[in-house]
Amino acid sequence: MFCRWVIVIMMMSDILVWNYVEGLGVNWGTQATHPLKADTIVEMLKDNGIGKVKLFDADDETMSALGGSGIEVMVGIPNNQLLEMSNYDRALQWVRKNITRYNFKSGGVNIKYVAVGNEPFLKSYNNSFLNVTFPALQNIQNALNELGLGDSIKATVPSNADIYGYPDPNNAVPSSGIFRPDLSNLMTQIVQFLNKNNAPFTVNIYPFLSLYENDNFPFDYAFFDGVTNPLNDNGILYTNVFDANFDTLVSALKSIGFGNMEILVGEVGWPTDGNKNANIQNALRFYNGLLPKLSSNKGTPKRNGYIEVYLFGLIDEDAKAIAPGNFERHWGIFSFDGKPKFPMHVSSKNGENKLLVGAKNVHYLDPKWCMFNPNSNNLSKLDDNINYACTYADCTPLGDGSSCNDLDANGKASYAFNMYYQVQNQNDLACDFEGLAMITTNNISTSTCDFIIQINPSSSSSLLPSFVVFLFVGVVTYLNMC
Ligand SMILES: *[C@@H]1O[C@H](CO)[C@@H](O)[C@H](O)[C@H]1NC(C)=O
Ligand SMILES: *[C@@H]1O[C@H](CO)[C@@H](O)[C@H](O)[C@H]1NC(C)=O
Ligand SMILES: *[C@@H]1O[C@H](CO)[C@@H](O)[C@H](O)[C@H]1NC(C)=O
Ligand SMILES: *[C@@H]1O[C@H](CO)[C@@H](O)[C@H](O)[C@H]1NC(C)=O
Ligand SMILES: *[C@@H]1O[C@H](CO)[C@@H](O)[C@H](O)[C@H]1NC(C)=O
């Protein structure tokens, strides 16, 4: 036992020493039932020395909160707006409203990129955005250029790795990378346009998904601590899929004449729940490999040097669609309420390495939970009620291999009921479930399964301090007057 602790402490000191990455970014998604206030998140980013964020839209509260922070921002245009943006005047209007308005020196937002769409060429979108993405990209960059912003703000299209691959699947080595044949002409046009505007290519790389999608995928190859059988690409040995994936893109770009194009990694990360491989240990193993690798600025075999990377993601999003998998709601390095999930640090402040610090001034609902009433005697409606709760609240931790899967049947019912009750802001009516549920003030969490208390949606993190200041000023004024 003692030895295990020594090892844990040694591992933690490794984290302390090596994980500082200069210029690391994070993805800030906001698909949550109870999102933290944008101001709270911006303070948290600053406290952690995170200097870059990537957004999925141009929400006004988010942009306003980022104003004056100095944080570099990639603003996003969602896929469902790409069709509109294939009209130039509409794109110009978007840029005026969502870029120009915030783009001023003192107190403005430090906008560096516009992400035009998000993985629009994903195979599962059935080519829905095939004909609108390039026109939208051109219009947004041309509008930026027309408004005199083109030198400092670049439009790019974050793509998923499924846009490239290998001509011969039996020889899937990075040096043979090409763009998917059905996208080859389009990608050539896009890359030429990016190159003309000195804009980067943005790619999202997901070793977790390689593992999730293929049971035969060599487990260790998803991480960074070595494999027994490296991939041999004409003498270059690949020991992790991140490098192999990145270098496949380098080859694909080279195959169309742009082997030196700048590449940003728009998303990379590891989820912590919702799948047998999505847990804290694996996430920690992944980040404990990725972050030192990035901070060493070694790059990949084909591209040495610094890689600009945005982790996915900043914070859990309990309202994200789970069509791709239950893990979708658990990508955060922080949980829904801004608590760090594990000890790691993404930056150093004043030259001193610090572990992640949580959000401040988070106000919760009361400490009370909804649970299955053990005195219920007619259980015929139990399944219907659990299904109802899980339709409107996040029950993904109950699934196979997930954090609450070990609960017994009553515990699972309680978990579902509580999630619904919390999403409904602890409304008494939301803890009835046809008499099957009851409210409790005992924390019914277990060692692995957290029965959460939601964030209080009505508490304003900015109102309270100003009210206190107001009181304070009032008291001081009163004392001075006397
Ligand atoms: C600005 O961005 C917001 C959020 O993404 C979007 O809803 C809105 O339509 C955009 N404004 C214009 C004028 O396009
Ligand atoms: C794509 O096509 C498949 C099969 O036809 C369908 O199930 C799916 O809903 C489609 N997806 C989208 C985004 O249209
Ligand atoms: C895209 O445009 C091509 C050529 O005009 C057309 O054949 C194709 O059907 C379009 N695809 C979609 C999904 O609209
Ligand atoms: C249980 O409840 C259902 C629906 O309310 C009812 O139809 C059924 O008769 C009840 N069973 C018993 C044993 O009371
Ligand atoms: C409930 O207990 C869990 C596990 O001990 C703990 O992590 C959590 O903070 C507790 N919640 C509250 C609201 O006290």
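Modeller: Helices (H or I, at least four residues) and strands (E, at least two) are DSSP runs numbered from the N terminus. The model is predicted: local features need pLDDT of at least 70, side-chain atom pairs 80 or more, while totals for chains, interfaces and linings use all residues. Residues are numbered from 1 along each chain, chains lettered from A and ligands numbered from 1 as written, and side-chain values use heavy atoms without hydrogens or water.

Biologist: Which helices each supply at least two residues of the lining of the second largest pocket?
Modeller: The helices are H10 (280–295) and H12 (409–423).

Biologist: Which strands are the edge strands?
Modeller: Nine strands form an open, parallel sheet in the order E5-E4-E3-E2-E1-E13-E12-E9-E6. Strands pair if DSSP finds at least two bridges between them. Pairing on one side only are E5 (154–156) and E6 (159–160).

Biologist: What is the bridge partner of valine 265 in E13?
Modeller: Strand E12 (residues 263–268) runs parallel to strand E13 (residues 308–311), and 3 bridges join them. Across from valine 265, the partner in E13 is valine 309.
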